[in-house]
Amino acid sequence: MVNKVKSIGLIGLGMVAGITASLQFTAAAQKTMATSLPLDELRQLSDVFGLIKSDYVEPVEDKKLLTEAISGMVASLDPHSVYLDKKAFKEMRESMLGKFVGLGVEVDMEDGYLKVVAPIEDSPADKAGIKAGDLITRIDGMPIKGLSLEESIKKMRGEPYTKITLTIARKDEDKPLIVPIVRQEIRIQSVKAKMIEPGYAWVRIAQFQEPTVDDMVKKIAALYAQNPDIKGLVLDLRNDPGGVVPGAIGVAAAFLPKDAVIVSTNGQLQDSKQTFYGRREFYATRLPGDPLAKLPDAVKKVPLVVLVNTGSASASEIVAGALQDYKRAVILGTQTFGKGSVQTLRQLTADTAIKLTTARYYTPHGRSIQARGIVPDLMVDETAHGDGLNSLRIRETDLQKHLTGGDGKAAEPVAKRDELEEEQRIIALEKKRKPLEYGSHDDFQLTQALNHFKGLPVKLSKVEATPETNADKIEGKSTLPLDKKKPAQK
C-alpha cells in the first residue's frame, strides 16, 4: 500500500496517549540548556516574518504567523510533539479526566484521506456504524484531500449536540456512504469487568485516565465479592491507546509485589531520568489513601493473561512490559504499537501549551518500548482465520520522523505477507464476519486465554515472530506459574 500512513490522531480525544499527569509552566532560565542562541537563524526568521508582512498578497496577523511558526517547529520533532492552542489545550485537559466533546474515533492519514483506525466503544461514531478501515473523504460535503491531519480534525470538532456529516468510502460498498453524526460530550468508560464463565474473570481497560485505578479496584473487588475463588483473570488492553502514566503504574502495581519497579524513563533533563515504583505516590497523587489497599490479597497471585494487539500503545505497553518482565503474566495477542516516548505538557500561557517528547520509556529490565513495542509470549491472531484488520494497522515505525529505540539500532519490522495479497485476503474475510465484540463468546483471543488457563491447546499465529521474540515465545511456552501441566500448543 502506497503512502500507508503519514500521521495519527484522536478526534476529540486530544491525543493523550502516554503523557505525564502534571501540567508545568515553562521556566526558560531553568529548562533551557546552557547554550547560545543561533543568532543567524533567528535573523532569517525575522527576515521571513518581515517579508510576509510587507510582500504577501494580503495582510496576515502577527499572532497567526508566530503561532504557526511555533506549531511547525514543535511538529517537526516527532509525531507526538505538538503545540496546543487554547481550544486544543482545553480538550487535552478534559480528555485526561475521561471526557471530551467529539465523535469518538481514532484516525490516521492515508493518501490524503482520514482512515479510521478504530471507533471508540459506545461513542457517536461507533453508534453511527463507523468501522475500522473506513476512509473519510468529505466533512459536511467539503473534500478533505490536501488538508493536514490537524486541519481535518479541527473541522470534525465542535460544540456539543451539533451535527456533522461524514462521507465514507468503504471497501465493500460500491457507493460512498453519507453518515450524519451528532457531536457529544463523551465520557469514556475506562474499565469494564465481568465473569466470562465460572472461575474466570475479564477486566478491560479502554484507556488510562485519572479515575482508572480507582475504577479498576472497585470492579475487581466486586468480582471477588461475588466469586471468591477466581482461577484466572484476563486483563484486556487491546486497542487501548494509552493515557495518563500514573494510571498504568497503578494497574501494573495491583498485580506485582509492593515497591516493584514499574517503568523508568531517560531523557536530556535530569527530571527525565526517573524510575517509577509501585507505590501510592506514583499512581494515586489525587486520591485519598491507597486505592490498591482495597483489593483482595488473591489479586497478587491469581493466574493472569494480558491481551494486546497493534492498537495497544504507550501506557498499555508499560503495563504489559512490566508484567512480562516479572513473569507475572502471559502476554497473548499480537505485537503492540511501539509508542515508548514520554510527552510532557509545558504550559506557555494560562490557555496554551506544548506537548513535548522529553524521554523514552524502559521496562523494569531495561527494554526500550519505543518503535519496538511488546512482543507477546503467545502470538495469537485476532480470529481463527487470521489477524483481520489488526495486521493492516499502523505501528510507531510507520510514522514519519518517529524516534528510534534509543540504542542506535533500527527497529525490526513486523513480518507481513505481500501487502496487496494480504489486504485482499483480509477484506474478503471481513465481509463474511460480524464486528468483533471484546469479551463476547465470539472473542477468539479471549477464548485462547481461557484455554491457556485450563491447560487446553492454544492456537498460535502463523505469522513469523520478530527477531526480538525469544525461543520460549516462539515455541509458545508459558512463563505463568500454573498448577496444571503446561498447555500443548498448536
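Student: What should I keep in mind before I start?

Tutor: The model is predicted, with local features needing pLDDT of at least 70, side-chain atom pairs counting only at pLDDT 80 or more, and totals for chains, interfaces and linings using all residues. Residues are numbered from 1 along each chain as its sequence is written, and side-chain values use heavy atoms, with hydrogens and water left out.

Student: How many helices and strands does the protein have?

Tutor: Helices (H or I, at least four residues) and strands (E, at least two) are DSSP runs, numbered from the N terminus. Here the secondary structure comes to 13 helices and 21 strands.

Student: What share of the residues counts as buried?

Tutor: Buried means under 20% relative accessible area, exposed over 50%, and partly exposed in between, with a 1.4 Å probe and protein chains only. Of the 490 residues, 50% count as buried.

Student: And what do the contacts say about sequence separation?

Tutor: A contact means heavy atoms within 4.5 Å. Among contacts between residues at least 6 apart in sequence, 74% join residues at least 24 apart.

Student: How do I read a nonpolar core, and which residues have the most contacts inside the largest one?

Tutor: In soluble globular proteins, nonpolar side chains tend to be buried together. The term covers a set of buried Ala, Val, Leu, Ile, Met, Phe, Trp, Tyr and Cys residues joined through side-chain atoms within 4.5 Å. The largest such core here has 50 residues, and L235, F255, V306, V319 and L323 have the most contacts inside it. Elements that each supply at least two of its residues include β13 (200-205), α7 (212-226), β14 (232-236), α8 (245-255) and α10 (315-325). The largest share, 8 residues, comes from α8.

Student: Which residues does V306 touch?

Tutor: Leaving aside neighbours within four places in sequence, V306 is in contact with L235, L237, L323, A329, V330, I331 and L332. There is also a second, separate core of 19 residues, which includes L114, I136, I144 and V179.

Student: How do I read the packing of two helices, say α8 and α10?

Tutor: Axes are lines fitted to C-alpha atoms, for helices over the stretch in contact, and angles run from 0 to 180 degrees between N-to-C directions. The axes of α8 and α10 come within 9 Å and cross at roughly 25°. That makes α8 roughly parallel to α10, a label for angles under 35 degrees, while over 145 is roughly antiparallel, 65 to 115 roughly perpendicular and the rest oblique.

Student: Is their crossing left-handed or right-handed?

Tutor: A crossing is left-handed if the near helix is turned anticlockwise from the far one by less than a right angle, and right-handed if clockwise. α8 passes α10 in a right-handed crossing. On the α8 side, V245, A248, V251, A252 and F255 make the contact, and on the α10 side A315, I318, V319, A322 and L323.

Student: What classes of residue are these?

Tutor: Ala, Val, Leu, Ile, Met, Phe, Trp, Tyr, Cys and Pro count as nonpolar, Asp, Glu, Lys and Arg as charged, and the others, Gly among them, as polar. The contact of α8 with α10 has 10 nonpolar, no polar and no charged residues. As for cover, 11 of the 11 residues of α10 are buried.

Student: How do α2 and α3 cross?

Tutor: The axes of α2 (residues 39-55) and α3 (residues 62-75) come within 11 Å and cross at roughly 145°, and this crossing is right-handed. F49, I52 and K53 of α2 meet D62, L65 and L66 of α3. By class, that contact divides into 4 nonpolar, no polar and 2 charged residues.

Student: Where should I look for positive phi values?

Tutor: N239 lies in the loop between β14 and α8 and is partly exposed, with a relative accessible area of 22%. A371, also not glycine, has phi near 65°. Its place is the loop between β20 and β21 (378-379), and A371 is buried at a relative accessible area of 2%.

Student: Last one: is G247 buried or exposed?

Tutor: G247, in helix α8, counts as buried at 4% relative accessibility. Not counting residues up to four places away in sequence, G247 touches F208, Q209 and V213. The C-alpha atoms of G247 and Y283, 36 residues apart along the chain, are separated by 6.1 Å.
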